[in-house]
Amino acid sequence: MKKSNKRKEKGGKRHKVRSNFKRSRDQQGPAKFYTKDDIFISRMASILRMPKGKIKGMFSQRAVTTIRLNPLASNVNKIYKRLDDKGLDMKKVDWSPNTFIVSNKDKSELGKTEEYEKGLFYIQNLSSMLPVVALDPKPGEIVLDMCAAPGSKTTFIAAEMENQGEIVANDENFSRIKSLEQVISQFHVKNTKVRIGDGSTIGKSQPNYYDKVLLDAPCSGEGLIYLRTPKPLRFWNIKKIKIMEKVQKKLIVSAYDSLKPGGILIYSTCTLEPDENEGVVSYLLDKFKDAKLEDIGFIKDEKFEEYRPFVTNGITKWSGNEYNPITKKSTRIIPGKHMQGFYIAKIVKPLIKEA
Ligand SMILES: C[S@@+](CC[C@H](N)C(=O)[O-])C[C@H]1O[C@@H](n2cnc3c(N)ncnc32)[C@H](O)[C@@H]1O
């Protein structure tokens, strides 16, 4: 029996391979068809440079439960003691402030506790903490969180800034803005102004304004895909990747424009697609020749050693596309038991040279 017929018997939607996956040329005869699962698995194997056989297992594991104690709510030692007394089994994560792996409670149990209700801790995946650690916000700075809702990273930025200075937390989605406002209030954030609007206009309205900008961009979300749920790929398709790439390019240009000379921009996504990651960063570097891409420094620290096997350098060539060779300095997180799939790049706007 031909492979395509075998698949047909199993049922499921068929997709003719387009875009980055060309039809095999080594055989004459009818076009070969693939299921959406086939396409996703081949694509991930190619991006992560791993055998296809490993991909399903990789996207079928849940990341450990991690929490961040909230210094804006109370003294973190007191919060730790209170959670310890309640029986939480907590292991410190050295590279991220006030962060712990909780091994005996899952996220939904933790979300129902009085301590969570009071904003004493935040439940957050480790990948989602990386961009804020890389941004390294300081008290007194002016920071833009360009795509902020529902506010996981805003609350962390505010904690690092000790509620001093100013954060502008922007998002274009009204219902998500409501969640952002609720999160800001629950987690005792006081230094943040919420803005609703398209982030791609901020660069023009506030050029050279922010000390630091976080662009945690909308994306195709491959890092969040969990293959054990029913229909895990229902929101994933190649067309979405292409649409996202266009939005991301507009946003990154605006983010860079809004940055003060000497300022830092962190670009992050929860997807693995090179066109949404290295492709977008290359677009910025081509447009602004003075923009500098830097390493995510702390990833080289000893504190990060345990997590280093889950980190790879940026890709410079993929599926016929070539990206700026400097994008090698960016970082991709391989999905695993500690972290979800993620991408992060650090860009610095140089200081203006004296004449
Ligand atoms: C990855 S989510 C952000 C998650 C958030 N940073 C956090 O940590 O909780 C991307 C967000 O971008 C917002 N978004 C999409 N297009 C946008 C645009 N053009 N301008 C501003 N926000 C946008 C979406 O509404 C969504 O909330």
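**Asking why: pocket, core and a buried residue**

Me: Which helices and strands each supply at least two residues of the lining of the largest pocket?

Reply: Strand 6 (121-123), helix 7, helix 8, strand 8, strand 10 (210-216) and helix 11 (238-257) each do that. Helix 11 gives the most, with four residues. Keep in mind that we're looking at a predicted model.

Me: How many residues line the largest pocket, and which lie nearest its centre?

Reply: There are 50 in the lining, and A149, P150, R176, L224 and C270 lie nearest the centre. The pocket's volume is about 1400 Å³.

Me: What makes up the lining of the largest pocket, by class?

Reply: You get 22 nonpolar, 16 polar and 12 charged residues.

Me: Okay, over to D275. Why is D275 called buried?

Reply: Buried means under 20% relative accessible area. D275 has 5%, so D275 counts as buried.

Me: Where is D275 found?

Reply: Look in the loop between strand 11 and helix 12 (278-287). Leaving out residues up to four places away in sequence, D275 touches K242, E245, V280, N321 and Y323.

Me: What makes the D275 and N321 side chains a polar contact?

Reply: The cut-off for a pair of N or O atoms is within 3.5 Å, and one must be able to donate a hydrogen and the other to accept it. The two side chains come in at 3.1 Å, so the distance passes, and the pair is listed as a polar contact.

Me: Now the largest nonpolar core. Which of its 42 residues touch the most other members?

Reply: Those are W95, L130, I157, F298, F304, Y307 and M339. Helix 7 (126-135), helix 8 (152-160), strand 8 (166-171), helix 9 (174-186), strand 11 (259-269) and strand 17 (342-348) each supply at least two of this core's residues. The largest share, seven residues, comes from helix 7.

Me: Which residues is F298 in contact with, leaving aside neighbours within four places in sequence?

Reply: W95, L130, V133, A134 and F304. Apart from this core lies another one, of 27 residues, including V168, L259, L265 and Y267.

Key:
Residues numbered from 1 in each chain as written. Predicted model: local features only at pLDDT ≥ 70, side-chain atom pairs only at ≥ 80, totals over all residues. Heavy atoms only, no water. Core = buried A, V, L, I, M, F, W, Y, C linked by side-chain atoms within 4.5 Å. Buried < 20%, exposed > 50% of the residue type's maximum accessible area, 1.4 Å probe, protein only. Contact = heavy atoms within 4.5 Å. 1 Å grid on protein atoms, 1.4 Å probe; cavity = no way out; pocket = protein on both sides within 12 Å on 5 of 7 lines; lining within 4 Å. Points joined across faces, edges and corners; volume = space filled by probe spheres on them. Nonpolar A, V, L, I, M, F, W, Y, C, P; charged D, E, K, R; others polar.
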